[in-house]
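Trainee: Could we go through this structure together? I would like to begin with the terms.

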Amino acid sequence: MHTGDAEEQELFERLEREFADVKVPRAVRRRRPRPPRRPREGMPRTKRLVAWVLVLGLGAWSFSHTPTGRSLVAAVGWGRTAVAGDGYTFTAETPGGPVRWSSCRTIEVVVNDALRPVGAADVVGDGIAEVAAASGLTIEVVGATDEQPSDRRAVEQSRYGVSWAPVLVAWTTPEADPGLAGDTVGLGGGISVALDGVTRYVSGQVTLDTPQLEEMLALPDGEALVRAVVVHEMAHVLGLGHVDDPAALMAETGGATSLGEGDREGLRVAGDGPCL
Ligand SMILES: [Zn+2]
């Protein structure tokens with residue numbers, strides 16, 4: 001947890017008071033319409049499992065609120081090309097550029113690993129390290145949590161002290177997070193706030209579908225596949241959207257396990273935001 005300076009602490013304390021009676025707006029998710037399922041009769045089991053890899057994330061949440069407590073919902077759909085570069089997209093833009101994290105703050109992450117599959121002890125840390133290296137941002141796992149994911153996740157919570165809630169990475173199930181129903185194996189998104197006229201990410205959330213990823217882990221190269229899901233979802237947390245190139249890790253459908261050139265450039269831009 002960073003403590004922030006006095007001015008920021010004062011802001012958090014004000015937020016604490018002002019948000020006491022304000023409901024955090026329900027985040028808006030947009031789901032990609034699903035094509036009708038093809039019959040799977042006769043399809044080899046491994047092919048079915050690989051097919052799950054093809055869909056890394058379909059929905060996301062993102063909302064903005066002002067420090068005055070007047071909340072507004074900003075719907076963001078993954079895959080929408082708000083700001084595009086060569087081989088990458090961002091999901092939200094402002095007149096000043098794509099919405100990003102402050103480039104000089106440590107992004108803190110907590111992990112709810114109560115449902116972590118056996119054999120997946122390293123994938124979250126490894127995936128985060130990969131995203132940190134490619135973006136140049138400092139991203140640190142600061143501890144474990146029993147916080148449950150929510151598409152109405154509050155960005156400041158007393159359990160985390162007077163600070164923005166860290167990014168939550170949670171192993172969970174489609175029963176607990178209906179966004180993971182069907183072939184979706186993970187969801188990720190950043191949560192932004194507008195302060196002093198600058199919208200920036202201050203928190204985020206990644207949910208990982210334990211039952212499906214557990215089966216994916218059993219595949220040859222399973223750990224790399226699951227790590228790729230973590231990288232993809234964390235890239236969403238940093239603001240990246242989907243791209244059409246099926247070889248890119250940020251493709252909505254595709255089986256890439258490593259960052260492509262466009263992915264790397266997108267992450268570099270994501271990490272090159274203003275120091276706030
Ligand atoms: Zn995605």
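Predicted model: local features only at pLDDT ≥ 70, side-chain atom pairs only at ≥ 80, totals over all residues.

Trainee: Understood. Is Asp209 buried or exposed, then?

Mentor: Asp209 has a relative accessible area of 0%, so it counts as buried.

Trainee: Where does Asp209 lie?

Mentor: Asp209 belongs to strand β12, which covers residues 198–209.

Trainee: Which side chain does the side chain of Asp209 join in a polar contact?

Mentor: That of Gln212, through a polar contact of 2.9 Å. Beyond the neighbours within four places in sequence, Asp209 is also in contact with Thr172, Pro174, Leu180, Thr184 and Val185.

Trainee: Changing topic, how many residues does helix α5 have, and how far does it reach?

Mentor: Helix α5 spans residues 222–237, 16 residues in total, and extends 23 Å from its first C-alpha to its last. That is close to the 22 Å expected at 1.5 Å a residue.

Trainee: Why is α5 described as largely enclosed by the rest of the structure?

Mentor: Because 14 of its 16 residues are buried.

Trainee: What comes just after α5?

Mentor: Gly239, which takes a positive phi of about 110°.

Trainee: And the chain as a whole: how many helices and strands?

Mentor: There are six helices and twelve strands. Of the 276 residues, 52% count as buried.

Trainee: What about the accessible surface of the chain?

Mentor: It comes to about 12,500 Å², with 50% belonging to carbon and sulfur atoms.

Definitions and conventions
Residues numbered from 1 in each chain as written. Heavy atoms only, no water. Helix = DSSP H or I, 4+ residues; strand = E, 2+ residues; numbered from the N terminus. Expected span 1.5 Å × (residues − 1). Buried < 20%, exposed > 50% of the residue type's maximum accessible area, 1.4 Å probe, protein only. Polar contact = N/O pair within 3.5 Å; in protein donor to acceptor, adjacent residues only side chain to side chain. Contact = heavy atoms within 4.5 Å. Areas by Shrake-Rupley, 256 points an atom, 1.4 Å probe, with all protein chains shown as cover.
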